[in-house]
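Please look through the sequence and the structure below before reading on. The briefing that follows takes up a few residues one by one and then turns to the chain as a whole.

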Amino acid sequence: MFYNCLYVCLHIILLIVFLSLLLEMTRADSVTQSSHPIVLKQRESTIIQCAYETALANGLFWYIQDPNQAPQLILSEHSQEDIPKRFQHRLSASHNKTEKTFHLNITAAVLSDSATYFCALSPTL
Ligand SMILES: *[C@@H]1O[C@H](CO)[C@@H](O)[C@H](O)[C@H]1NC(C)=O
Ligand SMILES: *[C@@H]1O[C@H](CO)[C@@H](O)[C@H](O)[C@H]1NC(C)=O
């Protein structure tokens, strides 16, 4: 069977911390994430790592940014409703509060998954 061997390239960028309306300043946080692009073949799966250090995270999110586009929400911790059609049934992430991680699991990669991925958190006040 023909196997399309073109590559999907995922760039991972540092976590963004949401501005909280009740805080005058954005709280900074640090994360450990892969610094090299993840390159995979079409239909392969991968885990994009996201770890945070804030004591408490109120909500965790994954965003995608296509070239020349604004970041788009693709997955949030508390809702499956935001997942865009192109990613439906292919994304999952679970918040491990002990490890403080929110790794994104992408399955059955397609070329259009090539983009920049952001892990974001909204801090608990
Ligand atoms: C979270 O991570 C810890 C440490 O790796 C592990 O022991 C635990 O089973 C994980 N919890 C969940 C819900 O996966
Ligand atoms: C990623 O998701 C797929 C599909 O739900 C699942 O089969 C696979 O075990 C997951 N991988 C990890 C490392 O959790």
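## Briefing on a predicted model

T46 has a relative accessible area of 15%, and because buried means under 20%, this residue is counted as buried. The structure described here is a predicted model, and the values below were computed from it.

**T46 and its sheet**

- T46 belongs to strand β4, and its bridge partner in β9 is I106.
- Strand β4 and strand β9, which covers residues 104-106, are paired in the antiparallel sense, and three bridges connect them.
- These two strands are part of an open sheet of three strands, in which the order is β4-β9-β8 and the pairing is antiparallel.
- At the edges of this sheet are β4 (46-48) and β8 (91-93), each of which pairs on one side only.
- On average, neighbouring strands of the sheet are turned by 25 degrees against each other, if direction is ignored.
- When neighbours within four places in sequence are left aside, the residues in contact with T46 are L10, I38, L40, L104, N105 and I106.

**Ligand 2**

- Which residues surround ligand 2? They are I47, N105 and T107.
- In the case of N105, a polar side-chain atom lies 2.4 Å from an oxygen atom of ligand 2.
- Ligand 2 exposes 360 Å² when it is taken alone, and the protein buries 28% of that area.

**T101, in the loop between β8 and β9**

- T101 is found in the loop that lies between β8 and β9.
- Is T101 buried or exposed? Its relative accessible area is 8%, and since the limit for a buried residue is under 20%, T101 is buried.
- The side chain of T101 is joined to the side chain of E99 by a polar contact of 3.2 Å.
- Not counting residues up to four places away in sequence, T101 touches C50, A51 and Y52, and also S94, H95 and N96.

**S114, in the loop between β9 and β10**

- S114 is located in the loop between β9 and β10, the latter being residues 115-123.
- With a relative accessible area of 25%, S114 is partly exposed, because this value falls between the limits of 20% and 50%.
- The side chain of S114 reaches the backbone oxygen of L111 at 3.0 Å.
- Setting aside residues up to four places away in sequence, S114 touches Y7, V8, C9, L10 and D66.
- How many residues apart in sequence are S114 and V39? They are 75 residues apart, while from C-alpha to C-alpha the two are 9.0 Å apart in space.

**The chain as a whole**

- Read from the N terminus on, the elements of the chain run β-β-β-β-β-β-β-β-β-β.
- The chain has 125 residues, and buried residues make up 40% of them.
- Among contacts in the chain with a separation of 6 or more, 64% are accounted for by residues 24 or more positions apart.
- The accessible surface of the chain comes to about 7,600 Å², and 56% of this surface belongs to carbon and sulfur atoms.

Methods: Residues numbered from 1 in each chain as written. Chains lettered and ligands numbered in written order. Predicted model: local features only at pLDDT ≥ 70, side-chain atom pairs only at ≥ 80, totals over all residues. Heavy atoms only, no water. Pairing = 2+ DSSP bridges. Helix = DSSP H or I, 4+ residues; strand = E, 2+ residues; numbered from the N terminus. Axes fitted to C-alpha atoms, helices over the stretch in contact; angles between N-to-C directions. Buried < 20%, exposed > 50% of the residue type's maximum accessible area, 1.4 Å probe, protein only. Contact = heavy atoms within 4.5 Å. Near = heavy atom within 4 Å. Polar contact = N/O pair within 3.5 Å; in protein donor to acceptor, adjacent residues only side chain to side chain. Areas by Shrake-Rupley, 256 points an atom, 1.4 Å probe, with all protein chains shown as cover.
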